[in-house]
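Have a look at the model first, then we'll go through them.

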Amino acid sequence: MLAATAALSCRRFWERNRAVSCFFPHSFACRAMEVPVGLSAGKDSSTLPAAAALPSESQPTPTKPVQITVLNAQDLKTMKSDVSVTLVRVEYNGAILGDSSKTDVLPNGTANYNFTTSFECSPDGPNSLHDIVQKPVLLTVIEALQREKKQKEKTVPLGQAVVDLLPLLQGQRSFKVSAPLYAVPTSPLESLQPEAKLSDGNLLSVTLEAAYSVPETFAPTGPLQNYMACLQVPAAGEKEFPLLFKNGILKLAGEKEPLPRPKKWPLANIMAPGALSIPNSFIVGGPYEDEDGELNKREDREFRIQAESMKRIVWDTERRCYLDPAAVVTLQKRIAECRYWPVEVCRMSVASPSKGKTSKADKGDEDKQIFFHGVAYVNMVPLLCPGVKQVRGAFRVFTYEDSEVFEKTGSQHSVFRDLRSQLSLTKEGPWTPGISTPLSRAVPSKTQKEDREKISKDKDSNRRMSNAPKIQLSDATVEAENVPYLSLDGQQYVEAGTFLVMEIKLDKALVPKRLREELTARVKQMIPPRPPLPPRTAGAKKAVEDYHNHVTSIAVAILREYHELFGKWPPDRGAIDHQTLEEQKRQLNFELNSSGKYFAFKEQLKYAVVKIVREKYLKTTAFETQEQFQAFLSELYVYLVDQMHVALNQLLSEEAASPAPLSRTTEEQLWLFAHEAEVNKDYKLASLYHQQRVAQDQCNIQSWLDYGAFCLLLEETTKAQECFQQALSLDPHHIQSLLLCGVVAVVLQHYEEAEIFFEDACCLEPSSVVAWTLSGLFYELQNNNVQAEMAFREAKKLLQAQLAKERSIPEAAEGEGGKKHISAACVRSPSPGPEECLPEGVPDGSADKLPEVVEPALACAAPEEEATAPEAAPKAPSPVSGLSQPPCTIFMKAVEFLMKVNAIQFVHMALAHELLSLQGGPSCAYYLALAQTYLLKEDFSKCEECLCEAIRIDYMNPNVWAQKGHLCYLKRDFGEAKECYERTISFVEDAADMHFVYLRLGSIYLEEKEYGRAKRIYLLACKNSASCLTWLGVGIACYRLEEMVEAEDALSEANALNNTNAEVWGYLALVCLHGGRQLEAEQCYKYTVKLGLRDDALLREIRAAQQRLGFGNPAL
């Protein structure tokens, strides 16, 4: 509670005061470190000059004073007395800057010091920028006890506080902070609780959390041991800056480390354990799957959980390093040259002070020997990806071997062997209890003795090899060494499965990521401007206008019917008598009702009335009582009659022409007709349907995307680009449009534009698996392996989360005892598969329609199948269904999307990745997708090979049998195609393209004169997705079965859906000939010839019937 209040107070204080200051209300106040010119930006200051970062011999290095003022301490309580005398000591970087004068503690526990001291900061001096970022100021409150006569004055340390100087490098010239004061364990002080620029360079922070699953020979008893880790950070030029982590704490098996827990300063001279914690800096952990290192797979989870509660070495220490601009460039270059960085770990004996006095030779040989020398390889490549600022994860520890380290990292020297002469473990003095007890105290245990006996034969040679690098460290010598260094005891890390958990973090990303606004602006620049669309009016006024238009249309139609029945009444004959009018009215009503036109007029008017009810009267819910309903009907009837009179008066006065009848064809039907024409390779008709669909609603994004995908099929890439860009201009944030614009830009080799499109798609929809996968394929095409790897990894992480969520849905349903239907895809796999539990009606290979992956174009790619899925879905899964659902991968997700938009180039790239990523061999889905690409190229032999493999893998997959049926149909092997299609429709689960299965199976039945079966199959097709071709098949079957009434109805419906089909007109002509309707037979025959009937057999049949009956052909 106190911490939250403190943070809120700080935010409000910052908003109220524009001064550069930071205030945290804690117990101990330490004020104002004034930093003159050079350390931070100010009115009379400048940024750190280049000479400061890389001083030359010609220029002296300037020093800058850092002034520290300690104001007061609060709530000082002692166990001896309420009043005491105290002073404050200020230390920095191991040096005492000064002691304040003795000050009395006031009754309220406050001591006012007002003590000022300072130190010099120099880029290459003892207090450098590297020290500023990682070493805090140490403040110690000391109580001066009253001395007795002839005795020296005694002092007792009460507490310590630390002040982080990092704000000085973040642009602040001065700041004020109240730091918490932590009690020294040996002091009588009670636990004190709190009351409540890097613009040019960068800040690198490395946090070493712990080493888990350590060797069994590590024991907390015996001689003192120091567990250490170290890595080198490249600085400017050829310099290396070592970051050393010492004093790891060996903990036995027990409770896991708590989360969150504070990070610690890398200091050893702090007496108060609480002061070791870095303020507002915590280790928070997170899911293993989100980590960047190793052991982040699902199968590693159990091992990680078990290891975290077993024996471990804990550091929880953060070390910082300031990187000037030259060092940042060097860091980027080193990571690009070598992706892995070595992090060395070891154990060294700590010499006791008494031992240090005995023998210098023993100290050099024994105390500084490196035991258990291991190395972890940290993949730093993610830091080269745009916007990435940290790498955190678990990294396995391997035996340190010179040749292997050099091969993986390019590092020729061991950091520990280079620094061994500088590691003086006895100079730090005795270890303070409670601060850091990292040093194991065990006389060699039984296990250790056995281990040492095991390697005793190699001990002497191992020591010689360990000391070898101390002789010469030149590259030539390293290459010439015949005996490489090998840590034999380090092999125990591998046997134990030891791993480090650490975090490497930058203040700013090495590669800045483009902002979302910048990407959107770039996309807008690439899309040509479109004129603004007229506003679409709506509301009550529009509803009334629509009602007027419908009334006018119906009145004109009724008047036309009247003229057809009774003719036009000449004006010179005078008025019609009342009796004649009543008779004509009776006859007109009879004609309208018997023909069904009255019902059609009523249906036409119904929609307009509903809009008036909703828009003008705002009635959208049911009435509470019948009286309210009757009252509303009366009011509505009066209003509608009045408005009808208004519309009729306008019609009679203006004699406006009747509007053209609305098209009966919907947007979904036009898509189906276009898809039918594509499959039948009637590309001219398919283009016509796509154009009609676009013209019907030019603001429909999906229509433009489907038209563009059709153009990709015809390899008309420029036209496809125009379609996709038109869709994107309608909605710049439409993910599907962005991805397709990127795909077509790659095909046109506009790679810079493609990168913008893919990056914008990932930025706008970071949860899209397909977007990240396509981005990875693009980066790989550009040989940008770093970003390709990161994109693929992000896609895999999203897919794992999505599949885990999908699996939890049916499990929850089963737990509640619900009787919800689960599609066959969810139950046919013997083990939980990644593509399981798709929504009902989503066919195999359509995983992009999952709710978690928003892919608008794919969601509308097969509206008929989706709309009718509940009818086609079985009520219960087949008990013998043996379909094995393949593991879903990011590449198959991409393939599903790309196949629907005919992006074959990207399909082959994704399938190549799929082939390499699968450990158990290619899946059925892989072979099925590959077969579809060969079928588009009409490479029937390779297509057949792929389908045979798919059938071998998954014999019960309806999609495979449907695809094989299509192959046989195109090869004109109708017998085999018929068997495949019949097998497909016999499965409990429908195939993805059942519409074409029905169409082609029905045509085979017609060819074999099995008209009853053909009629049944075509009626199934009409029920699922009616089209001109499905009703034509029903009409032909009924005609051959001599069911003329049903044949005429079916053919009339086919003609209404497409009045340009010559075959429909031909069969209508036959029906009219058999019905003796001469005029209609001639009319149908005329359109049959005009539209160019290609079926010669049907044309001969029509002419034979005309010759036999003597009518139907005007030429006779």
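Rings of Phe, Tyr and Trp (for Trp, its six-membered ring) are taken as a pair if their centres lie within 6.5 Å; planes over 60 degrees apart make the pair edge-to-face, and planes under 30 degrees apart make it stacked. By this rule the count comes to 23 aromatic pairs. Keep in mind that this is a predicted model.

**Ring pairs**

A pair of aromatic rings is described by the distance of the centres and the angle of the planes. Here are two of the pairs with those values:

| Pair | Centre to centre | Between the planes | Geometry |
|---|---|---|---|
| Phe-218 and Tyr-493 | 6.3 Å | 85° | edge-to-face |
| Tyr-926 and Tyr-927 | 5.4 Å | 70° | edge-to-face |

What does the pair of Phe-218 and Tyr-493 tie together? Phe-218 sits in the loop between strand S11 (202-212) and strand S12 (221-222), while Tyr-493 belongs to helix H13 (residues 491-496), so the contact joins parts that are 275 residues apart in sequence. Both Phe-218 and Tyr-493 are buried.

**Charges over rings**

Lys-408 lies over the face of Phe-398, 5.3 Å from the ring centre. Lys-1086 has its charged end over the ring of Tyr-1087, at 5.3 Å from the centre.

**Strand S18 and its partners**

Strand S18 (residues 340-349) is largely enclosed by the rest of the structure, because nine of its ten residues are buried. Strand S13 (residues 225-234) pairs with S18 in the antiparallel sense over six bridges, with Asn-226 standing opposite Met-348 in S18. S18 also pairs with strand S19 (residues 370-379), again in the antiparallel sense, over eight bridges. There, Pro-342 stands opposite Tyr-377 in S19.

**A helix crossing**

Which way do helices H41 and H42 run relative to each other? The axes of H41 (residues 1062-1075) and H42 (residues 1078-1090) come within 8 Å and cross at roughly 160°. Angles over 145 degrees count as roughly antiparallel, and H41 and H42 are therefore roughly antiparallel to each other. The crossing of H41 past H42 is left-handed.

Conventions: Residues numbered from 1 in each chain as written. Predicted model: local features only at pLDDT ≥ 70, side-chain atom pairs only at ≥ 80, totals over all residues. Heavy atoms only, no water. Helix = DSSP H or I, 4+ residues; strand = E, 2+ residues; numbered from the N terminus. Buried < 20%, exposed > 50% of the residue type's maximum accessible area, 1.4 Å probe, protein only. Lys NZ or Arg CZ within 6 Å of the ring centre and 35° of its normal. Pairing = 2+ DSSP bridges. Axes fitted to C-alpha atoms, helices over the stretch in contact; angles between N-to-C directions. Parallel < 35°, antiparallel > 145°, perpendicular 65-115°, else oblique. Left-handed = near helix turned anticlockwise from the far one by under 90°.
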